[in-house]
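Please look over the sequence and the model below before reading the briefing.

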Amino acid sequence: MSDTILDVRHLSVEFEVEGRIIPAVNDISFQVKRGQTLGIVGESGSGKSVTSLAVMGLIPSPPGRIVGGEIHFQTPDTPAVDLCALSEDQRQAYRGGQVAMIFQEPMSSLNPVYTIGFQLVEAIRQHQDISKEEAQGQAIERLQEVKLLPNVAQQRAALQTENPHLSNMALMAQIEAQQQAMLNRYPHELSGGQIQRVMIAMAISCNPALLIADEPTTALDVTVQATILDLLRELRDRRGMSLIFITHDLGIIAEIADQVAVMYQGQIVETGPVLDIFATPQHPYTKGLLACRPRPDQRRRRLPTVADFMATELEQGQLTIREKVLDAAVLAQFSSLTEPELEVRAQTLAASAPLLAVENLKVGYPIRGVFGKTQRYVMAVNDVSFQVRQGETFGLVGESGCGKTTLGRALLRLVTPLGGKIWFEGRDVLTLQGQALRTLRRDMQIVFQDPYSSLDPRMSVGAAIAEPLKIHGVVKSKRNQQERVAYLLERVGMPTDCMNRFPHEFSGGQRQRICIARALALNPKFIICDESVSALDVSVQAQVLNLLKELQAEFDLTYIFISHDLAVVKFMSDRIMVMNRGQMEEIGPAEAIYRQPQTAYTQKLIQAIPVGSLDRIQELQKDRLVA
C-alpha cells in the first residue's frame, strides 16, 4: 500500500463575483505522506486557504466551485477515494473525522454562547456513537493532550503539595472539580493561545489521519506561537498524523514542515524538501519571501521585498515571472549597518533633547463591586519611566496584556492615567485642556493595529485623510485639501486616483498605507505605531516598515513602535523597552537588548523568534530522526 495519504491532482477552483470569473487555484498538484508535514506558504490571495477548503469540501457554493482536478485520500484502514466525487452526505464521513481543520481565527470558530466543554462534547459525538458521559471523558483527555489541563498525576501531585493531608477521595473530588471548571468556561474567558488549544483539541478529538492548520499562529504572540508549534509537532509525531500547515511566514514553515509548496496567484511555483527550499531557493518569489522577513541577527538599512526579486508581465493573457538582476545600488540598500555607523547614530540621538518624557506612569482599570463602586484596580501600566529623543524610534515590546497598547494610549490621553507625569516638548500633557490639548494632538498621532476598523467604511479614503485637515482648520479650501491628500497618497506609495474609493476596495497593506497617510496629514512630530504591521503578510510588512523608515528620514519623525515581535522591533528601533505585566523589564540599545539580554523574560522572547536558519532546520530534522 502507498504511504501517500493525500494526492491532489490538477486542482482548479474559481469564484464568480459580480458576473466575473476569478480563478483562485489554477491546476495545482501535491502529495502528503503519512506522518509528514507539508507547509503551504504564500501571500494573502495566493490560494492557500482556498486549497485547504477544497480538501475539506468547504468551498462556499455559490460563488465558488471546484472546476477541475481530483483529491485522492486514503489511510491504512480505508481505500483510496476521490473526495471531489463524493456527495455532501458522503463527505461528512471524512470531514472532522478522517480529515480535520484548525481555522485562522479561533475566536470566530467557537460559539460564544456555549461553553468549551459543550462544544468539544458536541464535536466528539458528531463522529462517534457514544454517551454524553463518555464524550465528556474524551473531552477532558483531549484538553490534557493539548496541555490546557494537567494530567491526573500532575494534578494529584500539585494538590498533595498544597495539602499533604488530603484523602484519596478528596483528591479525586478536587481533580474532577478542576476539570469540570475548565469544561464550564466560555471562549471569552480564555486567552488567544488557550482558545487555539481548544480548537486543536476539537480537531484531534476523532483521531484524524490528516490535520490542516490554516494560519493557526498568525494572531498570537511569538512566545505563544512557539508553544503552539511545539504542541503540533508533538501531536504529529506521537499520533503518526499527517499535517498541512498554511502560513505566509517562511520562518514558521522552517519550524514545522518537512516539505514546502510555495504558492503565488493560485499556482504552486516551487516545491521541495524544507532544507532545499531554504538553502537553494529556485524561484524569485521564494527568494523574495525568504529575504523580506526581518532577522534579529541582522541590522539592515532596508528590508528586501518580493518586488526587488521578481517582475511579472502579462504576455498573451498568461502571467510570466522573471527574476530581476539586482544591481550594486540595490544590493547596497540591503547591506548591514556597520558598528561605527550605529555608534554615530547613537551619539547623535544622545545629543538631541528629549521630545517625550514619562515619569512613574500608572494606568489601571477599575474592578467594580455592588452599586458600581470601585473595589480595586488592575494595573495595566505600573510605575513606568522613560524618555524618547527627537528623531528616535523607541521600540516597545512584550506579550499581549503586558501594557504596551495601554501605555501608548495614555501618552495620547486616550485613556486617563491614575498617576505619573507625561511631558511633550516641555508641556505637561496630563494638565492640558481645550485648545491646548487640541494643538498637542496635531503633533502626536497614532497608527492602529487593524487598518480596516481604523477607517470609516462609509467614507472614501480621500475624505478620511482630509478629515483631520478640516477638524484642525489647517487647510481650508477644498482644492488645497485635495492637493494635500494627493501628495500624501503619493508619498505612501498609493495612486492618487484612488481617493474616491472606499476601504473595502483595498488590501490590508494598502489600507495601512492609507492610515499612515492620514497620520501624516497634520505634519506631526511624533507617531505611535501600535502593532501596525502584525496583521500583514511578511512581504507587505517589509514594504510598510521600509516606508516608515523613509518617512522618518524625510520628515524628521519620532516613533514609538509597539509590537510583540522582537525581530520587527529590533529592525525599526534605536532603543527598546521590554514590558512584562505592566512594568519595565529592561531598556537599552536595540543591539544590546538582543545580544546581551539582562532578564529571563527577554531571553524567552528572543528564543521564541522563528529565525528560519539552516542550522535550526537541520536541528529539527535530526530530532525527528532520533525520535
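The briefing that follows is grouped by topic.

This is a predicted model, in which local features need pLDDT of at least 70 and side-chain atom pairs count only at pLDDT 80 or more, while totals for chains, interfaces and linings use all residues. Residues are numbered from 1 along each chain as its sequence is written, and side-chain values use heavy atoms, with hydrogens and water left out.

- Strand S8 (residues 242-247) is mostly covered, with six of its six residues buried, where buried means under 20% relative accessible area with a 1.4 Å probe and protein chains only; strands here are DSSP runs of E with at least two residues, and helices are runs of H or I with at least four, numbered from the N terminus.
- In a regular strand the side chains alternate between the two faces of the sheet.
- Strand S3 (residues 37-41) runs parallel to S8 and is joined to it by five bridges, and two strands pair if DSSP finds at least two bridges between them.
- Strand S7 (residues 210-214) also pairs with S8 in the parallel sense, over five bridges.
- Phe245 in S8 stands opposite Gly39 and is also the bridge partner of Ala213.

**The open antiparallel sheet**
- Four strands in the order S14-S13-S16-S17 form an open sheet with antiparallel pairing.
- Strand S14 (374-389) and strand S17 (427-428) stand at the edges with a single partner strand each, so one side of each is left without a neighbour in the sheet.
- Strand S13 (residues 354-368) and S14 run antiparallel and are joined by twelve bridges, and Pro354 has Arg389 in S14 as its bridge partner.

**Arg197**
- Arg197 has its place in helix H8 (residues 192-204).
- Arg197 is buried yet has no salt bridge, and the nearest side chain of opposite charge, Asp230, is 7.9 Å away; a salt bridge is a side-chain nitrogen of Lys or Arg within 4 Å of a carboxyl oxygen of Asp or Glu.

Key
Buried < 20%, exposed > 50% of the residue type's maximum accessible area, 1.4 Å probe, protein only. Lys, Arg positive; Asp, Glu negative; His and termini not counted.
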